[in-house]
Amino acid sequence: MSNLITFYDIPTTKAGQPFSPNTWKTRYSLNFKGIPYHTVWVEYPDIEELCKKIGAPPTSVKPDGSPFYTLPVIYDPTTNTAISESILIAEYLDAKYPDNPKLLPPGTRPLQHAFSNAYLPTGAPVLQFAMPATHRILNPSSEVYFRFHREKLFGKTMETLTPVGKAREDEWAKVKAGFNTVDGWLQKGKEDGPYFLGKENSFVDFVVGARLMWLRRIFGEDSPEWNDIKTWNEGRWAAFVDGIRKYEAIH
């Protein structure tokens, strides 16, 4: 039996092109630390059954109070341990593989947790554009699941969620404003390097990189949306992607 870590991710209609901004945090983390692993692809409707089977804990609760299971999840056969949630996975990997590069260097863990929470709402404006684009690249079983739950959440169909005309321009400007906020955080340490801890990568860089990867995948590398984002903040986001591209391998 293999001792490789199993990393569970969500497939798309394009083989070998995962999209999830949550699972990419963990894929980047594994690649950064140089830890051998293999990917098992799981469609949205099958996530809960998988997690229960391998003992991966839920990450939150549903409105009815029942457990809610999400990816990313890893399973480490050497310790018979299943871990859910990207930052908890990062903590586990640092503890299990202390000689590999640190995702959360000593003294940074509270700040990286705080950043992850503060960063989440900066992406809220893009959801009305990203949900329909995500829906279009999913396999049939995931597509049905995703449509049902996202339409219930937003109160609109996938076809009507994205605004048009002047409203689209106004809402896209809010997307840019979210990026401006994060750029402002990075500007405070620009003399130290392009990343949140200066010249060296850490987990929070992969939190940002995962969202950028999501937008690249769902809109397309040559799309008007991604080409626009690449120009924002003096090209910071295109450079950011290039800086962590070496950690994009799919195993």
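Biologist: Which unit do β1, helix α1 and β2 make?
Modeller: A right-handed β-α-β unit, with α1 covering residues 23-33. Right-handed means that, with the strands pointing away from the viewer, the path from the first strand over the helix to the second runs clockwise. Helices (H or I, at least four residues) and strands (E, at least two) are DSSP runs, numbered from the N terminus.

Biologist: What sort of model is this?
Modeller: A predicted one: local features need pLDDT of at least 70, side-chain atom pairs count only at pLDDT 80 or more, and totals for chains, interfaces and linings use all residues. Residues are numbered from 1 along each chain as its sequence is written, and side-chain values use heavy atoms, with hydrogens and water left out.

Biologist: Back to β1. Is that strand buried or exposed?
Modeller: 5 of the 5 residues of β1, residues 5-9, are buried, so the strand is largely enclosed by the rest of the structure. Buried means under 20% relative accessible area, exposed over 50%, and partly exposed in between (1.4 Å probe, protein chains only).

Biologist: Which residues point which way from β1?
Modeller: I5, F7 and D9 point one way. T6 and Y8 point the other way.

Biologist: How many bridges join β1 to β2?
Modeller: 5, and the two strands run parallel. Strand β2 spans residues 37-41. F7 has T39 of β2 as its bridge partner. Two strands pair if DSSP finds at least two bridges between them.

Biologist: And what about β1 and β5?
Modeller: They pair in the antiparallel sense, over 3 bridges. Strand β5 is residues 73-76. There, V73 stands opposite Y8.

Biologist: Where is the cis peptide bond?
Modeller: Between L71 and P72, with omega about 20°. P72 sits in the loop between β4 (67-68) and β5.

Biologist: What does UniProt list for residues 10-101?
Modeller: The unreviewed entry gives "domain: GST N-terminal" for them. UniProt positions are in the numbering used here, feature names are shortened, and annotations may be inferred rather than shown by experiment. In the model, that stretch is 33% helix and 18% strand. Its end C-alpha atoms are 26 Å apart.

Biologist: New topic. What is the phi of N80?
Modeller: Positive, about 55°, although N80 is not a glycine. N80 is in the loop between β5 and β6 (81-84). N80 is exposed, at a relative accessible area of 59%.

Biologist: Where is E234?
Modeller: In helix α10, residues 224-244. E234 also has a positive phi of about 55° and is not a glycine. Its relative accessible area is 80%, which is exposed.

Biologist: How many cavities of 30 Å³ or more are there?
Modeller: There are 2. On a 1 Å grid over the protein atoms alone, a cavity is a set of points where a 1.4 Å probe fits but cannot get out; lining residues have an atom within 4 Å of a point. Grid points are joined across faces, edges and corners, and a volume is the space filled by probe spheres set on the points.

Biologist: What lines the largest cavity?
Modeller: Its lining includes Y119, F179, R211 and W237. The volume is about 90 Å³. Helix α8 gives the largest share of the lining, 4 residues.

Biologist: And the second largest cavity, which residues line that?
Modeller: T12, K14, Q17, I137 and R217. Its volume is about 50 Å³.

How values were computed:
1 Å grid on protein atoms, 1.4 Å probe; cavity = no way out; pocket = protein on both sides within 12 Å on 5 of 7 lines; lining within 4 Å.
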